[in-house]
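Hello,

Here is the structure I promised to pass on. Please open it alongside this note; my findings follow below.

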Amino acid sequence: MTEWENLLEIQKFDLELDEIHAKMARENDRTKKFSSEVRKESDLLAQQEEMLKKINLRKRKLETELNEVNDKIRVSEMKLKNPGMSPNVYMSLSKEIETLKGKIPALENSLLEDMEKVEKLEKYIETGKKVSEGRKKQLEDIKNKVSVALTGLKKDEDLVRTQRNQLSFTSKGYGYEVYEKLRLERKGRVIFDIDKPSCPSCGLKLPGGVVSTMMGSGAFESCPNCGMFLHWTGIADGIV
Ligand SMILES: [Zn+2]
């Protein structure tokens with residue numbers, strides 16, 4: 001193999017490695033995305049449980065308050081039955097009872113509203129917990145599948161990397177240096193096959209001198225504009 005043929009092989013391995021790394025990234029993304037969804041769902045559930053606690057607390061306070069008002073009314077009504085009460089005291093007691101009774105509808109309404117909220121939230125949380133259990137199991141499944149896939153991809157990677165490294169031992173010339181530098185800077189494909197005098201990477205129409213140098217020699221030339229390696233695969237004696 002010539003130095004240039006070697007480089008083409010090395011690029012083939014490097015592009016395979018790129019593909020493997022992209023697959024690994026996609027696998028890792030799958031777990032990340034699903035984990036973040038599951039976390040959001042359980043955060044939401046925790047918020048609702050917190051809200052349920054607050055409403056239950058408020059509901060108990062309302063119940064206590066309502067009991068207290070009813071107790072006060074009962075006591076005052078008992079007092080009203082006392083004989084020998086002065087008309088003034090009677091009047092003020094009656095007024096107090098009136099005021100207390102006026103408070104009851106609002107308290108009862110709030111209590112009813114909270115009872116409905118509690119009922120809804122309890123149902124919601126119950127369903128949410130069931131869904132959350134399922135989602136967590138699903139996440140475990142995905143994690144296992146991703147782990148299996150990553151192990152397989154790692155094996156592929158090791159194999160391709162070994163082959164690539166073996167090949168690179170025999171490629172220590174100028175071309176290899178340029179290739180490695182290009183790969184570091186640009187990623188992906190850095191050697192382009194051409195059979196027309198233009199650069200597929202940047203679109204530059206190539207000067208005739210560049211093409212004629214490549215013809216016959218099999219050597220790569222750097223694009224004068226973007227620096228990518230160009231490999232002539234067109235007819236060898238064509239006039240450009
Ligand atoms: Zn170019």
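Two strands count as paired here if DSSP finds at least two bridges between them. Keep in mind that this is a predicted model.

Strands first. β1 (residues 191-194) pairs with β3 in the parallel sense, over four bridges. In that pairing, Ile-194 stands opposite Trp-232 of β3. β2 (residues 221-222) also pairs with β3, but in the antiparallel sense and over two bridges. Here Glu-221 stands opposite Leu-230. β2 and β3 make a hairpin, with six residues between them. Gly-227 sits in the turn and has a positive phi of about 85 degrees.

Next, the core. The largest nonpolar core has 17 residues. Tyr-179, Val-190, Met-228, Phe-229 and Leu-230 have the most contacts inside it. At least two core residues come from each of α1 (3-80), α3 (174-186), α4 (208-214) and β3 (229-232). Domain 1 (3-169) and domain 2 (190-240) both contribute residues, so this core lies between them.

Leu-230 deserves a click. Beyond its neighbours within four places in sequence, Leu-230 is in contact with Phe-192, Ile-194, Cys-199, Met-214, Phe-220, Glu-221 and Cys-223.

Last, the domains. The C-alpha centres of domain 1 and domain 2 are 61 Å apart. Their contact takes four residues from domain 1 and five residues from domain 2. On the domain 1 side, three of the touching residues are nonpolar, one is polar and none is charged.

Best wishes

Definitions and conventions
Residues are numbered from 1 along each chain as its sequence is written. This is a predicted model: local features need pLDDT of at least 70, side-chain atom pairs count only at pLDDT 80 or more; totals for chains, interfaces and linings use all residues. A nonpolar core is a set of buried Ala, Val, Leu, Ile, Met, Phe, Trp, Tyr and Cys residues joined through C-beta atoms within 7 Å. A residue is buried if 20 or more other C-beta atoms lie within 10 Å of its own, exposed if 12 or fewer, and partly exposed in between; C-beta atoms are placed from the backbone. Domain bounds come from an automatic or database domain assignment. Two residues are in contact if their C-beta atoms, placed from the backbone, lie within 7 Å. Ala, Val, Leu, Ile, Met, Phe, Trp, Tyr, Cys and Pro count as nonpolar, Asp, Glu, Lys and Arg as charged, and the others, Gly among them, as polar.
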